[in-house]
Amino acid sequence: MAMTGILRPGHVQLRVLDMEESLNHYVENMGLLETDRDDQGRVYLKCWDEQDKFSLVLEPSDRSGMDHMAFKVATEEDLSRFESNIKNFGIETTRVAAGELNGCGERVRFTAPAGHTFELYAEKEQVGNGISTTNPAPWRRDLKGMEVIRFDHCLLYGDNFDENVKFFKEALEFQLTEQIVDGDLQIAAFLTCSTKAHDIAFIRSEESGKLHHASFLLGSWEEVLKAADIISMEDIPHETGPTRHGLTRGKTIYFFDPSGNRNEVFAEDSYVYPDSPVLTWNADNVGQAIFYHSRELVDSFMGVTS
Amino acid sequence: MSFQITIEDTGEQYACSETKHVLAGMQQLGKKGIPVGCRSGGCGVCKVRVLEGEYASKKMSRDHVTAEEEAEGVVLACRIFPQSNIRLSVIGKLNKAVNR
């Protein structure tokens, strides 16, 4: 098995101001599927092609933003190994009991240097993607809205930036794939635990622990255009796109959920192997790095977080 | 029914329907003055102080507006719907684009 250790972003838990509006957004407009609810009022959702029970948890709250993001590790031994790595790096960890999130095994919880809460877990109930594992169909016919395929990554803003990137590389064994640098100063770091262009990304900020966006995968540029149509049809607050990123090459569009948490849907980005070179964008080209066609920064895109 | 919104800082005036939030009313007429962010009550950049006028409001993130502020008319422009003419001043601002 080539892929070991941390496998992928497993889920993100977002705080929402109005559950009914949020479910309309994520289920009817984006096409996620509701899989469960719990006695804390949390609602569990998955994208259609994911096997595990949930990849998005919506938590009723009087604040917006990200409660935590969790990564799935391959084995219980990995969970213990990363727990030691994190402690050896000087960061405290706690264990959250199995079942605290419905269908999820025991989680190792910690706060990374940039101020975000992360969790690792090895087990989550698998419910399948609704397609037979024998002679499988290529897609499902019962999907809604944008028909997002999987929860892909988060981009986060935070302080203690250099320490945070060091932590992800050394303690969590992530690989730096792309970066924006201003001389010796790294402004943005895109990191992967797999062969994806990024599983998480960080932007240097003065604020701690902020969410820039939670991103979901689509299959094609055509599906990005369809998402844009739905955004206008349903009066969803639109920010930027459809366009292409220089960073990761992804074809993308950005918009906001009904609590002001930014979402991205994108398609057709690049990939890496462990021996791929790090790609670097200079600060002089930051406009092109972010929006390849317009080559202009968008004020809200750079300055707005939740 | 539409009402007149006045941004005290710039003198900008525009008409806003009672069915649209004050920020959407500004944006759809191409008017400027209040920073535009998430338009869903989560990011806080459109924070304003209502100096005069009545409005209905939706829930806004407590990270950006405390209950005390809300009671004093300090609100997010994207979460208030005019029920009379409104005069307001701008509090929120966008962070600078790149921290370098």
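**Interface and fold of chain A with chain B**

The contact draws on 23 residues of chain B and 31 residues of chain A. The model is a predicted one. About 2,100 Å² is buried between chain B and chain A. Carbon and sulfur atoms give 50% of that area. The size of an interface is often expressed as the accessible area lost when the parts come together.

Polar and charged groups were examined next. Two salt bridges are found across the interface of chain B and chain A. In a salt bridge, the side chain of Glu21(A) meets that of Lys58(B), with an N to O distance of 2.6 Å. Eight residue pairs are in polar contact between chain B and chain A, both residues being at pLDDT 80 or more. On the side of chain B that touches chain A, the residues divide into eight nonpolar, seven polar and eight charged.

Chain A contains six helices and 17 strands. Its radius of gyration is 18 Å, close to the 19 Å given by the globule rule for 306 residues, so chain A is as compact as a globular protein of that length. Along the principal axes, the C-alpha atoms of chain A fill a box of roughly 50 × 45 × 45 Å. Of the 306 residues of chain A, 60% count as buried. Contacts were also sorted by sequence separation. Among contacts in chain A with a separation of 6 or more, 67% come from residues 24 or more positions apart.

Helix H1 of chain A spans residues 19-29. Its N-terminal end is capped by Asp18(A). A side-chain oxygen of Asp18(A) lies 3.0 Å from the backbone nitrogen of Glu20(A). Several residues of H1(A) are buried, including Met19(A), Leu23(A), Tyr26(A) and Val27(A). The buried residues of this helix also include Ser22(A), His25(A) and Asn29(A). Gly31(A) follows H1(A) and has a positive phi, near 95°.

A loop of chain A was then considered. Asp38(A) sits in the loop between strand E2 (33-37) and strand E3 (43-46) of chain A. The relative accessible area of Asp38(A) is 13%, so this residue counts as buried, the cut-off being under 20%. The side chain of Asp38(A) reaches the backbone nitrogen of Gln40(A) at 2.9 Å. Leaving aside residues up to four places away in sequence, Asp38(A) touches Tyr44(A) and Asn102(A).

How values were computed
Residues numbered from 1 in each chain as written. Chains lettered and ligands numbered in written order. Predicted model: local features only at pLDDT ≥ 70, side-chain atom pairs only at ≥ 80, totals over all residues. Heavy atoms only, no water. Contact = heavy atoms within 4.5 Å. Buried area = accessible area lost by both parts, 1.4 Å probe. Salt bridge = Lys/Arg side-chain N within 4 Å of Asp/Glu carboxyl O. Polar contact = N/O pair within 3.5 Å; in protein donor to acceptor, adjacent residues only side chain to side chain. Nonpolar A, V, L, I, M, F, W, Y, C, P; charged D, E, K, R; others polar. Helix = DSSP H or I, 4+ residues; strand = E, 2+ residues; numbered from the N terminus. Rg over C-alpha atoms; globule rule 2.2 N^0.38 Å. Buried < 20%, exposed > 50% of the residue type's maximum accessible area, 1.4 Å probe, protein only.
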